[in-house]
Amino acid sequence: MRHEERDTRPGLTRRRVTQGLAASAAVLAAPAVLRAQSGPVRIGYSMARTGPWTGGAQVSQEPNYILWAEQVNAAGGLNVKGTKRPVELISSDDRSEVETVVRSYEKLMGSDKVDLILPPWGSNANFAVAPLANRFGYPFIAPTALSKRLIEMKLPYFFLMLQQPQPMMNALVEMLKGSGAKSAAVIYVDDLFGLENYAALKVAVGGSGISLVEEKSYPGGVKDLSPVLRSIKDKNPDAFIALSYPPDTILASRQSKEIGFNPKFFYASVGTAFPLYKQVMGPSAEGVLGMGSWNRKSSKMAEAYFDAHVKKFNKEPDRWASGATWASLEILQSAVAKVGLDRKAIRDHVATNTHDTVIGKIKFNGSENVATPGSVSQWQKGEFEVVWPKSMATGSLVPKPAWA
Amino acid sequence: MSLGAWLELLASGVITGSIYALVALGLNLQYGLMRILNIAHGEFLMLGAFVTWVAATQLGWSPLAMIPLSFALTFVLGLVIHRLWFKRLTDTSPNVDVFEARALMVCFGLMFLVQNFASWVWGGELRGYDYLTEPVPIPGMGGAQFAANKLLVLGLSLVFAAALIVLLRTTLYGKGVRALMQSPTGAQLVGIDTERLHPLMFGIGLGLSGVAGCLLSMTYTIAPAMGEPYTVTSLIVITLGGFGSMGGALAGGLLLGVVEAVGMHFTSPSLKSLLSYGIFIAVLLLRPNGLFHRKR
């Protein structure tokens, strides 16, 4: 060994240490490369476990990822075009920060080179990562993003599960109109979600004969809505519509009860579908309307999923985005079974087929799920029943009683 | 607007303000007395809220019983934290300015520590329970009504705030504390024992935060990140009321609550932050010693 003979200096030198480190790194890396061929399917994501998004992320999204991986592994692994391989989830906390989300996914796709990725929580985070995933060529089936602008970006690898603002608001307005409502008051959170839904609502009420008697925005994290609710109460509208996030959904409900504002239709957006809503509102939840699209009674598949969720986490899934999250995993799973881990092929499979899922048939036109119509649900005796449209309904609309 | 509606609006502001005041009093005690600008103050409010939630939903205890318990818990926690960090900082810092800067850094760390501890133990989900949400009509206020838990929050916040102020005004301990605020060196010269007073007052400060959390959990949903906004609001409140002035913090808290409620009614809730920070900046520019400061 010439190298050995030439290097006569005793002990460790910096160069030697560096060489040693590099060599051991190479040794360690080699099995990883081998593993990637036959070992587990590595699926990466970042998720809010701390910070303001956590409430939504830990109810509607991450529990489903965990449950799904567990179920797949219990069944012998993920079917990759006939070969069963275990699923390994590689996840981290994004602290509810858009920059951290972007950095995490850059690492997952750029340097970790995971096999597949799963989306983060919420419209804002998806807005930031979607173009990135598209550039890296990772199919991205987002269960908790709601924005027309995401669809208008026309990213071929990006799919949205939830019904978008316009169909949701159209469904709400159709239902209100069909039930004889003449006036409505709206409050909306002043971010992407609230603004887009508000704009969609304005379009939907146009020509419907329903007049908006009050339109007010509020900031996320608001602690007191009673001054606004009191002035709305004075105007006595038939319907109250809150385009709100979970904490404000509950705040608006509690404070409406507090001041005795009990319109014929009380609608609040994100969070009404959470089991938390009936916990904190108790019997007062009865008759409250909100964004929901499925429940345990929707189908046999829904029932199996619901029960597995309760068994694993000792808590119920929410009646809107949880179902969409589960459906997105079903779509991904069946695509991988059909075409393997070729990401372009997965993308094409998702884009062109109609998928059978826990929340019914799903079909994409561009990025948008066009098979699920806009829907409205209502709390009735402890269950969030889908009451609109008739094709999805699990119950029929009942008049809202006084706050109990 | 009718008189009844006005009264109702003002009252809702006072209710929110009473919580601001309670949180701010604790922070003011820590800052005014010890120069600890406790950025983590709101986190102990969150702890108080979470233990109350656990007791109410999992053990089936009355949230009312948790008021003294959450005070005791955060009080003891305060003693421990003071012993572990702030005592050592006091001993090693050359002067009070260096201490203030170092203590601020420690408080930042503490904030992350406590918040992540809560996320780890309870998860980041939104939590809540149903307690005394029945509306109670107020006689003589033109049909105004408030949830029973809100009235409870108002009453107890004011009781605790008043108790602290009376304690500081009338007892020998209180005299010692006030002396320390006026002149730390002078107070030590006449034999006031800072070794005992500092941990005690730090603990009481956190205890009040814990009580506020307990009360808040009755009216709002709770999450590990809930504390920070209250810390920020109490900073505004103690600026309004004057650093170290307890009466000022109480008045400042109530005032801020009322201003926010009225402002939100006539403009839009989206402008609430603009309103509070506008007041904050105006007070800093025009009355840097607080609204109620009298020239000596």
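A salt bridge is a side-chain nitrogen of Lys or Arg within 4 Å of a carboxyl oxygen of Asp or Glu. Keep that rule in mind for the first stop of this tour, and note that the model is predicted.

**Stop 1: a pair across the interface**

Select R230(A) and E8(B). Their side chains form a salt bridge, with N and O 2.6 Å apart. In total, the rule finds 4 salt bridges across the interface of chain A and chain B.

**Stop 2: the side of chain A that touches chain B**

Now colour the elements of chain A that supply at least two residues each to the side touching chain B: α3 (54-74), β9 (211-218), α9 (226-235), α10 (246-259) and α11 (275-281). Which of them gives the largest share? Select α10(A): 9 residues of that side come from this helix. By residue class, the side of chain A that touches chain B has 14 nonpolar, 12 polar and 10 charged residues.

**Stop 3: the whole interface**

Show both chains together. Contact links 36 residues of chain A with 33 residues of chain B. The size of an interface is often given as the accessible area lost when the parts come together. Here the area buried between chain A and chain B is about 2900 Å², and carbon and sulfur atoms give 54% of that area. Polar contacts can be displayed as well: the rule finds 17 residue pairs of this kind across the interface, both residues at pLDDT 80 or more.

**Stop 4: S268(B)**

Go to chain B and find the loop between α10 (246-266) and α11 (272-286), where S268(B) is located. Is S268(B) buried or exposed? Its relative accessibility is 15%, and buried means under 20%, so S268(B) counts as buried. Apart from neighbours within four places in sequence, S268(B) is in contact with G263(B) and, in the other chain, with S217(A).

**Stop 5: a sheet in chain A**

Return to chain A and select β4, β1 and β5. These 3 strands make an open sheet in the order β4-β1-β5, with parallel pairing. At the edges are β4 (87-93) and β5 (116-117), each pairing on one side only. Between β1 (residues 41-47) and β5(A) there are 2 bridges. To see a bridge pair, select G44(A) and its partner in β5(A), I117(A).

**Stop 6: W388(A)**

Finish at strand β17 (residues 383-388) of chain A, which contains W388(A). W388(A) is partly exposed, at 21% relative accessible area. Leaving out neighbours within four places in sequence, the residues in contact with W388(A) are A171(A), E174(A), M175(A), G374(A), S375(A) and V376(A). Select P373(A) too: 15 residues in sequence separate P373(A) and W388(A), and their C-alpha atoms are 9.4 Å apart.

Notes: Residues numbered from 1 in each chain as written. Chains lettered and ligands numbered in written order. Predicted model: local features only at pLDDT ≥ 70, side-chain atom pairs only at ≥ 80, totals over all residues. Heavy atoms only, no water. Contact = heavy atoms within 4.5 Å. Buried area = accessible area lost by both parts, 1.4 Å probe. Polar contact = N/O pair within 3.5 Å; in protein donor to acceptor, adjacent residues only side chain to side chain. Helix = DSSP H or I, 4+ residues; strand = E, 2+ residues; numbered from the N terminus. Nonpolar A, V, L, I, M, F, W, Y, C, P; charged D, E, K, R; others polar. Buried < 20%, exposed > 50% of the residue type's maximum accessible area, 1.4 Å probe, protein only. Pairing = 2+ DSSP bridges.
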